[in-house]
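Reader: I want to learn how to read surface patches, cavities and pockets. Take me through them.

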Amino acid sequence: MNVQRISAIFEKDMKDFMRNITMLMMPSISIILALVYNGMGIGGGEDEYLIFTIYVIVGVTFSAVTSVCMVTMMAEEKEKKTLRGLMLSPASFVDIITGKSLVTGLITFITLVISLLIIGFEPLLNVRAMLGLILMFLFFLMLGIGIGLFAKSVAAASAYSMPVMFLFGFTPMIELFGLGEDSIAIHIAGVFPIMQAVELHDTNSWLPLGIIAIWVIAAALFTYICFKKTRTDD
Amino acid sequence: MAHFIIDQEMINSESLPSFSLTIDDSYATTIYSDTDMQAELVKVLRENAGIPIFDQQEGLYNRLTVENNITFFHKWFGCRTPIPEILVLFDLHSCAKKPLYKCSESEIRRVYFAKYFMSGVSPMVFREPIHGVDIRTINTFINMLQKIKEDSIPVLVLVSNMEHALLLGDAAYKLHDNGLHPVEVDEEENASEPDSPDAPATTNLFKIPAKVDDKMILFDPPEIDYIESQDGKAMIVINDESYAMDSTLSEIEKKLEIYGFYRCHRSYIVNLQKVREIITWSKNTYSLRIDNKIQSTIPLSRTKIQDIQEKFSLK
């Protein structure tokens with residue numbers, strides 16, 4: 001790890017982000033969604049749907065901003081071969097990923113704060129919910145890195161990120177499909193990270209956090225496997 | 001003093017002749033070869049020796065400005081030369097605020113040069129660095145070679161154009177099937193070219209014969225741009241086509257003198273009527289630009305500059 005290189009990548013990608021229209025659109029999705037929900041009169045009050053709505057927005061932010069930005073940034077460097085000549089050692093690759101993660105982290109944070117200010121954030125002001133958010137951020141970040149490692153072009157990257165967005169980002173929406181209470185889909189969706197975070201607010205147990213942590217470990221493993229695979233490919 | 005050696009073991013390839021070459025840090029070395037052999041050499045250097053080749057094939061950050069790109073590479077490679085100095089050295093200060101996708105090919109090439117320079121890799125191997133760029137960019141490259149030499153980093157430049165090889169290299173080599181041979185850039189008047197005794201004796205020659213396949217074509221001296229020596233054979237060059245000639249350069253030199261031809265380099269005879277420009281590069285090297293369709297440039301020996309200035313009554 002080389003702090004100077006990480007900050008070089010961070011500054012470069014921050015500037016690049018500001019000039020990239022595709023990536024600038026991503027944060028606006030969740031902000032617009034928050035505005036729409038707010039206009040429908042859901043946010044602000046003690047509505048029973050508030051928690052549900054907050055987590056829809058959190059899911060959209062993490063999947064559309066965190067994962068997609070990470071995947072796009074890595075895929076673009078790969079597609080244009082800009083990393084050739086920079087990667088003098090495997091260590092510098094870790095520097096690149098760290099620098100990009102910092103950019104993603106910052107943008108996710110800003111987007112999340114703006115969206116939540118619009119819709120309301122009171123239910124999230126406790127340690128367990130905060131921990132849940134951090135764990136989920138890590139989960140989506142690693143998922144993004146993993147996909148970014150094997151996506152060879154920007155087009156492939158957007159194709160790969162779609163299922164991620166729908167499966168992990170929009171999980172709360174599955175309930176709206178009108179499936180029966182005890183259908184298998186609902187049960188499976190129930191253990192997905194976002195649903196576990198919703199669960200956190202219904203119970204006092206720490207079990208949902210544990211399940212989210214398992215998801216994070218799984219994502220970390222996935223990233224590691226992808227990393228090993230691309231190393232041997234080169 | 002750093003140097004770097006390419007030897008048989010490193011080459012170990014079927015399509016390359018075996019040779020060994022020591023690249024010293026006190027002079028730039030160029031290797032002239034055809035593109036196939038160059039590709040093979042690049043592959044060998046990259047895979048067997050693990051040397052990065054600077055071939056401008058990788059991308060730069062197109063959305064960012066020239067300055068942003070330079071700042072990034074500067075920080076990434078931990079280069080100690082200050083950024084403003086780099087911008088001036090590579091003649092990029094005038095386009096520093098332009099995003100890369102709006103820059104001309106020559107400007108982008110200079111960004112590549114700056115990147116390679118800042119990487120501080122040793123040895124540095126360039127592939128076709130000045131192919132298809134303007135004179136300003138060629139001059140920055142020559143200045144950069146000078147800087148690299150001062151930093152005691154061995155440099156190897158691979159080109160497929162003899163003129164580039166002579167212009168860039170302090171030591172130029174030619175790589176072909178038989179091996180690697182130095183291109184003599186000695187200023188001595190024709191040291192090794194054999195004068196064949198059975199050359200036609202007439203000075204009253206109005207046409208120059210050249211062979212194309214089975215046909216014999218006769219050229220008027222004024223339509224010839226220049227004559228160059230390739231593998232010991234004289235080639236007549238007209239626009240972008242060249243025709244093989246039977247006689248050697250020194251034979252034809254005498255006959256053409258009265259038509260205003262001049263031996264401007266060991267391997268070149270130029271038609272002075274067609275010279276459009278005398279280009280002065282840094283470090284006292286010269287080239288002549290010919291007034292033909294492709295604006296070819298040919299080398300001019302250091303010792304001949306006086307002579308040519310007299311011929312054009314420049315002094």
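**Patch, cavity, pocket**

Author: Helix α4 (residues 90-119) of chain A contributes most to the nonpolar patch, with 6 residues. Helices are DSSP runs (H or I, at least four residues; strands are E, at least two), numbered from the N terminus. This is a predicted model: local features need pLDDT of at least 70, side-chain atom pairs count only at pLDDT 80 or more, and totals for chains, interfaces and linings use all residues. Residues count from 1 along each chain as written, chains are lettered from A and ligands numbered from 1 in written order, and side-chain values use heavy atoms, without hydrogens and water.

Reader: Is A:L117 buried or exposed?

Author: Buried is under 20% relative accessible area, exposed over 50%, partly exposed in between (1.4 Å probe, protein chains only). A:L117 has 56%, so the residue is exposed. A:L117 sits in helix α4 of chain A.

Reader: How many cavities of 30 Å³ or more does the structure hold?

Author: On a 1 Å grid over the protein atoms alone, a 1.4 Å probe fits in a cavity but cannot get out; a pocket is an open set with protein on both sides within 12 Å along at least five of seven lines; lining residues have an atom within 4 Å of a point. A volume is the space filled by probe spheres set on the points, which are joined across faces, edges and corners. There are 3 such cavities.

Reader: What volume has the second largest pocket?

Author: About 750 Å³. Its lining has 35 residues; B:S160, B:N161, B:M162, B:E163 and B:H164 lie nearest the centre.
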